[in-house]
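Please read them with the structure open.

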Amino acid sequence: MNNFKILSVALFASASVVNAQDINEAKKQIDAEQYQKAKTSLKSIIKSNPSEGKAFFLLGNIYLNQSVIDSASITYNDGLKAKNDAHFNQIGLGQIDLEKKDVASAKAKFDIAKNQARKKDFEEYVYIAKAYMNNSNPDYKAALAALELAKERNAAEPQVLLALGDAHYGDKNQNEAFSAYRNAFQADNSLIRAKVQLGVLLKGAKAYKEAVAAYNEVIALSPNYGPVYRELAETYYYWALNVPGRYDEYIKQALSYYEKYMTMTDYSLASRMRHADFLILAKDYKALEVEANKMKELDKVNPRILRYLGYAAYENGHIDEAISSLKQFIDNPNNKVISLDYLYLGQAKIKKGTSADGSTIDPVLFAEGTELIKKAVELEKSIAVDLGDLGKELYGKKLYKEAAAIFEIAVTDPESKNYLLDNFYLGTSIYFANGTLPEGQKADPIALQKADTALGNLITGSPSTLDAYIYRARVNSLADKPAMMIQYYEEFIKVATAAGAEELAKPSTKAKLTEAYNTIAANSDKEKAKEYYAKTLEIDPANKFATQSLQSLK
């Protein structure tokens, strides 16, 4: 009997060691972003030994990372029934609560996990910190508080230091993040992600050259560590945006590194979706269409594929397919719709309504399109920066009223880098739309007031922009506000004169000065009129209007 007991204990100990090794291997796969491999490993552990609660927890984390919340919830709840380490699953369920913005419920679950941890255990606190960081509404202060408790248990533990680096980085404390990542790697030089994060800090500081050098150091140490290639891809993408002259070269590099990342991780549906997201950033819509169709082969019912098909179809000129795919995606109440979904569908509707020669737009489709674009900007104001191209396309086709409607949405974000330019286009679109009306049709006073405001915004932001004054004067002329018209013509003259002889010598500036002098003269008393007509003749001695007007004043 005693021999049987000894043998049983030995077998149990042996099985525990094997399971621990298997779980550690799954952790490595998760760290290397080989999620499909990790899922297979964890499911195998659960099947062979359903008492391993941590295996359920780690599997649930993968589902949560891939936004499959229902599967995550089921897995965590199954994990609560496990014999060993079941309490870790409370942390996973707590993160789901954080996704729902139910902080009190999350904290209660975290407290259960803490109370069931042993005195020197630190891992629970690390995962609680990650739960606070890895959700849609991260709370880095709460993460740091959890990690302080982890430090009390083991301040030198590399995983604690790595998580501290992440929390400080999220909390925008670059110095503390650097120290934590450096200390984590020094404590365990097999912890490659800590070294990768040192490059991420450089990327965040826009030190792209130095970041690439840091990643190359990682590759020299561990050439098969996939995430470093993703970071290289993202670094080259941001570098391309910040050095326009090298855009094509750096984007090509970025896409090449992302392909390398895919080969180092897996070609699962989740990885393909992440790749698709990157292709959207890099504006490689041909590749996106190929990737979307590959995803469709893997999973015909996954709704997110419709998003990728819709974006690619629009950019590649397949407008009907774009509308069909995006409408199907947006109309499903179970889908999380983002601003880009509305933006693409809105643009597709407008494109669909535009005549072959580009001279007219179906008013119903245009109205539907602009409403969708408004929804996009309401969801995410920063997306207004992307509206300029559509507005300028309409402007170039002399569809000024429609262009004005798009630019009116664009200027709702004062933080947009195109804010001043969009205000110029808004003001001038309204001016041209109202200045070219059929005879007998009156200008729209409300629209003209919007144009005046837009040009005023441009003047406030860029007081030396001459055209802002000239068009503001013209807008007030259309609005039948002579005093305001004269004011802005005079301001134009003042700013043009201050710009110096080189500006005044330009034919375009001379023409606008002539316009300003003649209009002010025509709306002034006799003596002032003579003065301004004389100014016209100084720069344009053959000007008939000024010559004839002066003669009539004698």
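Predicted model: local features only at pLDDT ≥ 70, side-chain atom pairs only at ≥ 80, totals over all residues.

1. Helices α23 and α24. The helix α23, which spans residues 419–435, and the helix α24, which spans residues 445–461, have axes that come within 8 Å of each other and cross at roughly 150°. Since angles over 145 degrees count as roughly antiparallel, α23 and α24 are therefore roughly antiparallel to each other. The crossing of these two helices, α23 and α24, is left-handed.

2. The contact between α23 and α24. On the α23 side the residues that meet α24 are Tyr419, Leu420, Asn423, Phe424, Leu426, Gly427, Ile430 and Asn434. On the α24 side the partners are Ala447, Leu448, Lys450, Ala451, Ala454, Leu455, Asn457, Leu458 and Gly461.

3. Helices α20 and α22. For α20 (residues 363–379) and α22 (residues 400–410), the axes come within 10 Å and cross at roughly 15°, which makes α20 roughly parallel to α22. The handedness of the crossing in which α20 passes α22 is right-handed. Phe366, Thr370, Ile373, Lys374 and Val377 of α20 make the contact together with Glu402, Ala405, Ile406 and Ile409 of α22, and the residues of this contact of α20 with α22 divide into six nonpolar, one polar and two charged.

4. Helices α13 and α15. The axes of α13 and α15 come within 11 Å and cross at roughly 15°, and α13 and α15 are therefore roughly parallel to each other. Here α13 passes α15 in a left-handed crossing. The contact is built from Arg230, Ala233, Glu234 and Tyr237 on α13 and from Arg274, Phe278, Leu281 and Ala282 on α15; in the contact of α13 with α15, five residues are nonpolar, no residue is polar and three are charged.

5. Aromatic pairs. Searching the whole structure gives 28 aromatic pairs, of which two are described here. In one of them, the ring centres of phenylalanine 57 and phenylalanine 88 lie 5.7 Å apart with their planes at 45°, so the pair is tilted. Distant parts of the chain are linked by this pair, with phenylalanine 57 in helix α3 (residues 53–65) and phenylalanine 88 in helix α5 (residues 88–99), 31 residues apart. Phenylalanine 57 and phenylalanine 88 are both buried. In the other, tyrosine 237 and phenylalanine 278 form an edge-to-face aromatic pair, at 6.1 Å centre to centre and with 65° between the planes. This pair also links distant parts of the chain, from tyrosine 237 in helix α13 (residues 227–242) to phenylalanine 278 in helix α15 (residues 269–282), 41 residues apart.

6. An aromatic cluster. One aromatic cluster is formed by Tyr395, Tyr400, Phe407, Phe424, Tyr425, Tyr431, Phe432 and Tyr471. One of its members, Phe424, also belongs to the residues of α23 that meet α24.

7. Serine 51 sits in the loop between α2 (35–48) and α3, and with a relative accessible area of 18% serine 51 is buried. Leaving aside residues up to four places away in sequence, serine 51 touches Ala82, Lys83 and Asn84. Alanine 156 is placed in the loop between α8 (140–154) and α9 (158–170), and its relative accessible area of 55% makes alanine 156 exposed. With residues up to four places away in sequence left out, alanine 156 touches Leu161 and Ala187. The C-alpha atoms of alanine 156 and alanine 521, which are 365 residues apart along the chain, are separated by 82 Å.

8. Phenylalanine 185. This residue, phenylalanine 185, lies in helix α10 (residues 174–187) and is buried, with a relative accessible area of 16%. Not counting residues up to four places away in sequence, phenylalanine 185 touches Leu191, Ile192, Ala194, Lys195 and Leu221. Between the C-alpha atoms of phenylalanine 185 and glycine 53, 132 residues apart along the chain, the separation is 29 Å.

Notes
Residues numbered from 1 in each chain as written. Heavy atoms only, no water. Axes fitted to C-alpha atoms, helices over the stretch in contact; angles between N-to-C directions. Helix = DSSP H or I, 4+ residues; strand = E, 2+ residues; numbered from the N terminus. Parallel < 35°, antiparallel > 145°, perpendicular 65-115°, else oblique. Left-handed = near helix turned anticlockwise from the far one by under 90°. Contact = heavy atoms within 4.5 Å. Phe/Tyr/Trp six-rings, centres within 6.5 Å; stacked < 30°, edge-to-face > 60°. Buried < 20%, exposed > 50% of the residue type's maximum accessible area, 1.4 Å probe, protein only. Nonpolar A, V, L, I, M, F, W, Y, C, P; charged D, E, K, R; others polar.
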